[in-house]
There are 2 protein chains.
Amino acid sequence: MLYFEDFTVGRSFDCGTFRLSEDDIVEFAQKYDPQRFHTDREAAKHTLYGKLIASGWHTASMAMRLIVDAVFGQSTSMGSPGLTELGWKKPVLPDVDMRVVITVEEARQSKSKPEIGFVLFRCEVIEPNGDVALNWRGNVMFGTRG
Amino acid sequence: MLYFEDFTVGRSFDCGTFRLSEDDIVEFAQKYDPQRFHTDREAAKHTLYGKLIASGWHTASMAMRLIVDAVFGQSTSMGSPGLTELGWKKPVLPDVDMRVVITVEEARQSKSKPEIGFVLFRCEVIEPNGDVALNWRGNVMFGTRG
């Protein structure tokens, strides 16, 4: 079980990789983000991207799944008040292994509620060539060992 | 069809409402955010929230769907480079109608690519009592009439 105290500044967690098929991309997008460059392979050819790309909400949600499986699911996580940044830096294409890594940037215990600590994470979703396709920065609340 | 020029500063779009059932919340969370306050009604009683709440990624994705249906789907949208803020201000509970409103905060035509303009939107997901449960701020690229 991971508590607030385990999230020391600089600590990184490799959460593994995910890979989306064209069908995965279209299925998510039809439900949540039905823009043509996410739902229609033919129409996508005539857009800025020239091909089908994953919805940024899909990529972020897939990253979250890996983070929960690898880290938050075995922790005292109490959820997040939000992100200060969410960058969709590069398109996420079908059939590419995307690695998810989170790193602790700051950690502070609440003064008013010492049983809670806030951990600021940087999340990066990384292409096989090392380029960051998606990143975010946000706080997560954890219970302390107290 | 909405072009860059149609997104004038201050213009607001009411994108309608969505409502998530407990089953919807659990289904999304099992796939993308399996933390116990999103997936397990009984376990959620013993968390900070005291009940099942929707994943913030789910709420954001539902808002996106309404925005695409109401605005971006009938526009020259070319996607978004990211958000500068994504706030999960209040938990989103089952069976509550959440209204989605987007407002243009800034609009600027690209100097290097005058056929593209960047529109900075504020998105708000609002409870029936008027409280904002989720907000974000981010740019979307649109084709110009040019």
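What rotation, and what shift along its axis, superposes chain A on chain B?

**View 1. The two chains of this predicted model and the axis that relates them.** A rotation of 180 degrees with 0.0 Å of shift along its axis superposes chain A on chain B, with an RMSD of 0.0 Å, where copies are superposed by least squares on the C-alpha atoms of residues with pLDDT of at least 70 in both. That is the relation of a two-fold axis, and in chain A the C-alpha nearest this axis belongs to A:E85, 2.7 Å from it. The same surface serves both copies, since 97% of the contact residues of chain A recur in chain B, contact meaning heavy atoms within 4.5 Å.

**View 2. The interface between chain A and chain B.** Here 37 residues of chain A are in contact with 36 residues of chain B. The two chains bury about 3000 Å² between them, 59% of it on carbon and sulfur atoms; buried area is the accessible area (1.4 Å probe) that two parts lose on being put together, summed over both. On the side of chain A, the residues that lose the most area to chain B are A:Y32, A:W57 and A:W88, which together account for 23% of what that side buries.

**View 3. Helix α4 of chain A beside helix α4 of chain B.** These helices pack at an angle of about 170 degrees, with their axes 10 Å apart, which makes α4(A) roughly antiparallel to α4(B) (angles over 145 degrees count as roughly antiparallel). A:W57, A:A60, A:S61 and A:M64 make the contact from α4(A), and B:W57, B:A60, B:S61 and B:M64 make it from α4(B). The residues of this contact divide into six nonpolar, two polar and no charged.

**View 4. Helix α4 of chain A against helix α1 of chain B.** The angle between α4(A) and α1(B) is about 70 degrees, and their axes lie 7 Å apart; the two are therefore roughly perpendicular to each other (65 to 115 degrees). In this contact A:H58, A:S61, A:M62, A:M64 and A:R65 meet B:F28, B:Q30, B:K31 and B:Y32.

**Notes to all views.** Residues are numbered from 1 along each chain as its sequence is written, and chains are lettered from A and ligands numbered from 1 in the order in which they are written. Local features need pLDDT of at least 70, side-chain atom pairs count only at pLDDT 80 or more, and totals for chains, interfaces and linings use all residues, while side-chain values use heavy atoms, with hydrogens and water left out.

Definitions and conventions. Axes are lines fitted to C-alpha atoms, for helices over the stretch in contact, and angles run from 0 to 180 degrees between N-to-C directions. Helices (H or I, at least four residues) and strands (E, at least two) are DSSP runs, numbered from the N terminus. Angles under 35 degrees count as roughly parallel, over 145 as roughly antiparallel, 65 to 115 as roughly perpendicular and the rest as oblique. Ala, Val, Leu, Ile, Met, Phe, Trp, Tyr, Cys and Pro count as nonpolar, Asp, Glu, Lys and Arg as charged, and the others, Gly among them, as polar.
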